[in-house]
Amino acid sequence: MESSDDEKDGILGNYIPTELTSVLASSGVKFVDQVLNGQNELCLENFRMDKHVFYKLCDILQAKGLLRHTNRIKIEEQLAIFMFVIGHNLRTRAVQELFRYSGETISRHFNNVLNAIMAISLDFFQPPGSDVPPEILEDPRFYPYFQDCVGAVDGIHIPVMVGVDEQGPFRNKNGMLSQNVLAACSFDLKFHYVLAGWEGSASDLQVLNSALTRRNKLQVPKGKYYLVDNKYANMAGFIAPYPDVPYYLKEYPIGYQPQDVRELFNERHSLLRNATDRTFGALKARFPILMSAPPYPLQTQVKLVVAACAIHNYIRREKPDDWIFRMYEQEGTIFEDSLPPLDVEQPIMHIDTQAPDIGVETEQLEISSQLRDSIATEMWNDYIHDFSAM
């Protein structure tokens, strides 16, 4: 973002949405002041979080020396510019109209805040603990069968914009330019880990290989595992559904009763792993910039993904019943256009093109297969017993 030129600033919309025009500053009152001094709903709509959550993030960034007030722009306004851009996907011209600064000023503070968020991003990504997640412990469909499960891993394709000479590797199987992002999600809609920047042509397993072998790698606690879908192998630390058996929720008719041990396992596996779809649904709803390819440098596009996930986690921590999270709380919600998961490396300044093999041995695969079978068998036996008792 080196100039105010609309083709370089990476902010995609030409005009301010109708619902925002009512809060345009007037009589010299700044847009930011009008929002922050108004109803909490104004802050939610414009800056994508509650006012007290917004102010606390400003305090964190200031206390760590990552942002400071300038003669013209306070930290609150700097963060507001960044949040407004990623939360509304507007071109700089529209943002200038609201904030009354030049395109160069808007771009400079956008990048400053992005780098500040990246500098503390790892503080907002917490690895899984040793306790059984309450979403499993408190649900007899999942406990005790999945008691050693700590979350779900999935991948998502985020649109990117790259030069003509770079487009080949980034073109995914659907012919679109994207980065393949891998994420490990908790069942309470947080990201444990995010790896962004892989080219869209990379396979999901290749990205997972990278996540497990890099310096800042995806950690799977000993004796625990993540759920994955059938794009991945059933291997140590990762439990996949049974192949050649219906899996996704939409594949089962309403009211359908599983007919065998594998169908029951896949059905409940899918219900639990649905947390990734809901987590990415909430992320996209809050930050629509991730749904289109912003014309930023590639490194900036990669950092935006990680920063958005970090802020998502921060808001989930500070305001668990945030309005967007409430929309995605329901377990069985099905999303046709869902996003896959990510890995966090700090700073993410390079793009990986090759992933070393994990080197899974046949014995490990057999042990993982036996674990899945034992979970499925216990689940089926209890299901049949309970069904017979009805």
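**A buried strand and a helix crossing**

Residues are numbered from 1 along each chain as its sequence is written, and side-chain values use heavy atoms, with hydrogens and water left out.

On confidence, pLDDT (the predictor's confidence in each residue, from 0 to 100) averages 86 over the protein chain, and 84% of the residues score at least 70. It stays under 50, however, over residues 1-15 and over residues 334-356, and where pLDDT is low, the predicted coordinates should not be read in detail.

Returning to the sheet, it is open, has five strands in the order 3-2-1-4-5, and shows mixed pairing. Strand 3 and strand 5 (238-239) stand at the edges with a single partner strand each, so one side of each lacks a neighbour in the sheet. On the other flank of strand 2, eight bridges join it to strand 1 (residues 149-159), again antiparallel; Ala152 has Cys185 as its bridge partner in strand 2, while Ile158 stands opposite Gln179. Towards strand 3, Leu182 is the bridge partner of Leu195, and the hairpin that strands 2 and 3 form has five residues between them, with Leu189 in the turn at a positive phi of about 70°.

How many residues of strand 2 are buried? Eight of the eight (residues 178-185) are, so strand 2 is largely enclosed by the rest of the structure, where buried means under 20% relative accessible area, exposed over 50% and partly exposed in between (1.4 Å probe, protein chains only). Ser178, Asn180, Leu182 and Ala184 point one way, and Gln179, Val181, Ala183 and Cys185 the other.

Finally, the axes of helix 11 (residues 261-273) and helix 15 (residues 362-389) come within 9 Å and cross at roughly 100°; axes are lines fitted to C-alpha atoms, for helices over the stretch in contact, and angles run from 0 to 180 degrees between N-to-C directions. Val261, Leu264, Phe265 and Arg268 of helix 11 meet residues of helix 15 including Arg372, Ile375 and Trp380, contact meaning heavy atoms within 4.5 Å.

Key: Predicted model: local features only at pLDDT ≥ 70, side-chain atom pairs only at ≥ 80, totals over all residues. Helix = DSSP H or I, 4+ residues; strand = E, 2+ residues; numbered from the N terminus. Pairing = 2+ DSSP bridges.
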